[in-house]
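Please review the model shown below before reading the briefing that follows.

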Amino acid sequence: MKKVGIVMGSASDLPVVQKTMDALKALGIPYEAHVYSAHRTPAQAAAFASSARENGFGVIIAAAGMAAHLGGVLASMTTLPVIGIPCKSAALDGMDALLATVQMPSGIPVATVAIDGATNAALLAAEILAVTDGELAQKLADKRAKDAAAVLEKDCALQTGTP
Ligand code: RP5
């Protein structure tokens, strides 16, 4: 199976990114996580993105906060799909990172999840890999069925007054 490459702009993004790693692990998807900043370590970020396809990655997840250009920069250096996680920071509650990540000019797409949407980033990466991996597609379907059953169980408890 192709690997998921996770790049975060700072070690301070790790609490968010941990949820991505947990979700990938639960699905048995191999991943590699790095701290590479688009502005503090641009050479390393560029080297990672430009060699990602030949290094066995199938999709890249970029997590960054504030003026979050990491997703766009990585996406400019690979034709692998790039998923951006805008990370929340104190000043603007993540709106800065959301707009910087989602508002990519035409030509270089970054598939953007919600602010701190780390689990959905993992699930979207899994869905991309599952296009050519039936076993993984089945795992995703099983997870959805399990999640639905949990919701219905809560509803049942509510109806019977035992929540
Ligand atoms: C971004 O700036 C990082 O992705 C992080 O979300 C934010 C703050 O970084 P630190 O100052 O905590 O390293 O580049």
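The briefing covers the overall fold, the nonpolar cores and selected residues.

This is a predicted model, in which local features need pLDDT of at least 70, side-chain atom pairs count only at pLDDT 80 or more, and totals for chains, interfaces and linings use all residues. Residues are numbered from 1 along each chain as its sequence is written, and side-chain values use heavy atoms, with hydrogens and water left out. The protein chain contains six helices and five strands; helices (H or I, at least four residues) and strands (E, at least two) are DSSP runs, numbered from the N terminus.

**Overall fold and dimensions**

- Along the sequence, the elements of the protein chain follow the pattern β-α-β-α-β-α-β-α-β-α-α.
- Taken along the principal axes, the C-alpha atoms of the protein chain fill a box of roughly 60 × 40 × 30 Å.
- Of the contacts in the protein chain between residues at least 6 apart in sequence, 65% join residues at least 24 apart; contact means heavy atoms within 4.5 Å.

**Surface and charge**

- Buried residues account for 41% of the 163 residues in the protein chain. Buried means under 20% relative accessible area, exposed over 50%, and partly exposed in between (1.4 Å probe, protein chains only).
- The protein chain exposes about 8,700 Å², and carbon and sulfur atoms supply 60% of this area. Accessible areas come from the Shrake-Rupley method with a 1.4 Å probe; for residues, only the protein chains shown count as cover.
- There are 12 positive and 14 negative side chains in the protein chain, and the centres of the two sets lie 3 Å apart. Lys and Arg count as positive and Asp and Glu as negative, while His and the chain ends are not counted. Each charge is placed at NZ of Lys, CZ of Arg, CG of Asp or CD of Glu.

**Nonpolar cores**

- The largest nonpolar core has 27 residues, of which Val4, Leu27, Ile29, Ile61, Ile83 and Ile85 touch the most other members. Such a core is a set of buried Ala, Val, Leu, Ile, Met, Phe, Trp, Tyr and Cys residues joined through side-chain atoms within 4.5 Å.
- At least two residues of this core come from each of strand E1 (3–8), helix H1 (14–26), strand E3 (57–65), strand E4 (82–87), helix H5 (118–130) and helix H6 (134–159). H5 gives the most, with eight residues.
- Another core, of 19 residues, lies apart from it and includes Ala45, Ala68, Leu74 and Ala97.
- Beyond its neighbours within four places in sequence, Ile29 is in contact with Met1, Val4, Leu24, Ala126, Leu129 and Leu136.

**Buried positions**

- Thr20 is found in helix H1 and counts as buried because its relative accessibility is 0%. Leaving aside neighbours within four places in sequence, Thr20 is in contact with Ile6, Ile61, Ile85, Ala118 and Ala122.
- Val113 lies in the loop between E5 and H5 and is buried, with a relative accessible area of 10%. With neighbours within four places in sequence left aside, Val113 is in contact with Ile83, Gly84, Ile85, Pro86, Leu98, Asn120 and Ala121.

**Partly exposed positions**

- Gly28 occupies the loop between H1 and strand E2 (31–35) and counts as partly exposed at 45% relative accessibility. Not counting residues up to four places away in sequence, Gly28 touches Met1 and Lys139.
- Lys2 is placed in the segment before E1, and its 46% relative accessibility makes it partly exposed. Leaving aside neighbours within four places in sequence, Lys2 is in contact with Pro30, Gly56, Phe57, Gly58 and Leu129.

**Backbone angles**

- Asp93 is not a glycine, yet has a positive phi of about 60°. Asp93 sits in the loop between E4 and helix H4 (95–102) and is partly exposed, at 47% relative accessibility.
- Asp116 has a positive phi of about 60° although it is not a glycine. Asp116 lies in the loop between strand E5 (111–112) and H5 and is partly exposed, with a relative accessible area of 28%.
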